[in-house]
Amino acid sequence: MAITDADLSALLPGMLPRLGAFALRMSGNRDDAEDLVQLACLRALERAHQLQPDTSPLGWVVSITHSIWINELRARNVRCRSRSEWGDWIDERVCDPAAHTPETELMHQQMLAAVVGLPIRQREVMWLVAVEQFTYKEAAEILHVPVGTVMSRLFRARQTFVERTSAISFSSP
């Protein structure tokens with residue numbers, strides 16, 4: 001049984017926090033992320049009849065979000081958005097303000113640089129699997145690539161991240 005427009009309309013509000021976080025991670029810009037989520041929700045509602053019964057509604061809408069963003073990147077002929085905006089967002093949400101010392105601040109900046117410095121394809125997979133905790137299969141469906149490609153990109157992303165962060169000290173001063 002296919003999902004109805006009303007069913008999807010009822011599910012979308014619960015998806016908004018994860019869609020917003022995903023859109024922000026992909027775009028690196030709050031305004032772009034808000035526009036991206038709005039477009040994705042609109043497109044999902046317009047195409048609710050295309051959602052297959054065995055497909056996760058969240059994964060399907062994340063896939064739509066990803067497709068819209070890739071099309072936007074192509075239209076802008078831009079490969080990378082501002083890293084500082086994305087970094088500020090991560091610092092606001094991930095870093096513990098009470099733990100800010102010069103040493104921890106440097107460590108956070110180095111870790112952020114390592115993640116932001118990953119090629120976009122590796123960064124997308126890392127966020128979907130490691131942060132959003134989608135399965136490899138779900139990430140593959142979202143990105144429209146084979147599962148093996150997801151696994152390969154994630155392996156390379158983790159390998160690059162470890163190489164770039166190996167000199168970072170995680171011990172307390």
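**Figure 1. Histidine 144 in the loop between helix 7 and helix 8 of the predicted model.** In this predicted model, histidine 144 occupies the loop that links helix 7 and helix 8. The phi angle of histidine 144 is near 60 degrees, a positive value in a residue other than glycine. Most residues other than glycine have a negative phi. With a relative accessibility of 56%, histidine 144 counts as exposed, because the cut-off for this class is over 50%.

**Figure 2. Packing of helix 7 against helix 8.** Two packed helices are described by the angle between their axes and the distance between the axes. For helix 7 and helix 8, the angle is about 105 degrees and the axes are 8 Å apart. Helix 7 is therefore roughly perpendicular to helix 8, since angles from 65 to 115 degrees fall in that class. On the side of helix 7, the contact is made by Tyr136, Lys137, Ala139, Ala140 and Leu143. Helix 8 contributes Val147, Val150, Met151, Arg153, Leu154 and Arg158.

Figure 3. Tyr136, Val147 and Met151 form a nonpolar patch on the surface. Together these residues have about 240 Å² of accessible area. Tyr136 of helix 7 also takes part in the contact between the two helices, as do Val147 and Met151 of helix 8. Methionine 151 belongs to helix 8, which spans residues 147-165. The relative accessible area of methionine 151 is 42%, so this residue counts as partly exposed.

**Figure 4. The salt bridge between glutamate 141 and lysine 137.** Side chains of opposite charge can pair when their charged atoms come close. Here the side chains of glutamate 141 and lysine 137 meet in a salt bridge, with an N to O distance of 3.7 Å. Glutamate 141 and lysine 137 are four residues apart in helix 7 (residues 136-143), which means that about one helical turn separates them. Glutamate 141 is partly exposed, at 43% relative accessible area, whereas lysine 137 is exposed, at 54%.

**Figure 5. The salt bridge between arginine 121 and glutamate 124.** The model holds two salt bridges, and one of them joins arginine 121 to glutamate 124. The closest N and O atoms of arginine 121 and glutamate 124 are 3.7 Å apart. Both residues lie in helix 6 (residues 120-131), at a separation of three residues, or about one turn of the helix. Arginine 121 is partly exposed, with a relative accessibility of 32%. Glutamate 124 has a relative accessible area of 1% and is therefore buried, as the cut-off for burial is under 20%.

**Figure 6. The crossing of helix 6 and helix 8.** The axes of helix 6 and helix 8 come within 8 Å and cross at roughly 95 degrees. Helix 6 and helix 8 are therefore roughly perpendicular to each other. From helix 6, the contact involves Arg121, Gln122, Val125, Met126 and Val129. From helix 8, the contact involves Val150, Arg153, Leu154, Arg156, Ala157, Arg158, Thr160 and Phe161.

Figure 7. Arginine 47 lies in the loop between helix 2 (30-46) and helix 3 (57-76). At 37% relative accessibility, arginine 47 is partly exposed. The C-alpha atoms of arginine 47 and threonine 4 are 9.9 Å apart, while 43 residues separate them in sequence. Proline 17 is located in helix 1 (residues 5-27). With a relative accessibility of 58%, proline 17 counts as exposed. Proline 17 and valine 37 are 20 residues apart in sequence, with a C-alpha to C-alpha distance of 9.9 Å.

**Figure 8. The protein chain as the setting of the close-up views.** The secondary structure comprises eight helices and zero strands. Of the 173 residues, 42% count as buried. The accessible surface comes to about 9,600 Å², and 55% of that area belongs to carbon and sulfur atoms. Among contacts between residues at least 6 apart in sequence, 68% join residues at least 24 apart.

Methods: Residues numbered from 1 in each chain as written. Predicted model: local features only at pLDDT ≥ 70, side-chain atom pairs only at ≥ 80, totals over all residues. Heavy atoms only, no water. Patch = residues over 30% accessible without salt bridge, like charges linked within 9 Å, V, L, I, M, F, W, Y side chains within 5 Å. Areas by Shrake-Rupley, 256 points an atom, 1.4 Å probe, with all protein chains shown as cover. Salt bridge = Lys/Arg side-chain N within 4 Å of Asp/Glu carboxyl O. Buried < 20%, exposed > 50% of the residue type's maximum accessible area, 1.4 Å probe, protein only. Axes fitted to C-alpha atoms, helices over the stretch in contact; angles between N-to-C directions. Parallel < 35°, antiparallel > 145°, perpendicular 65-115°, else oblique. Contact = heavy atoms within 4.5 Å.
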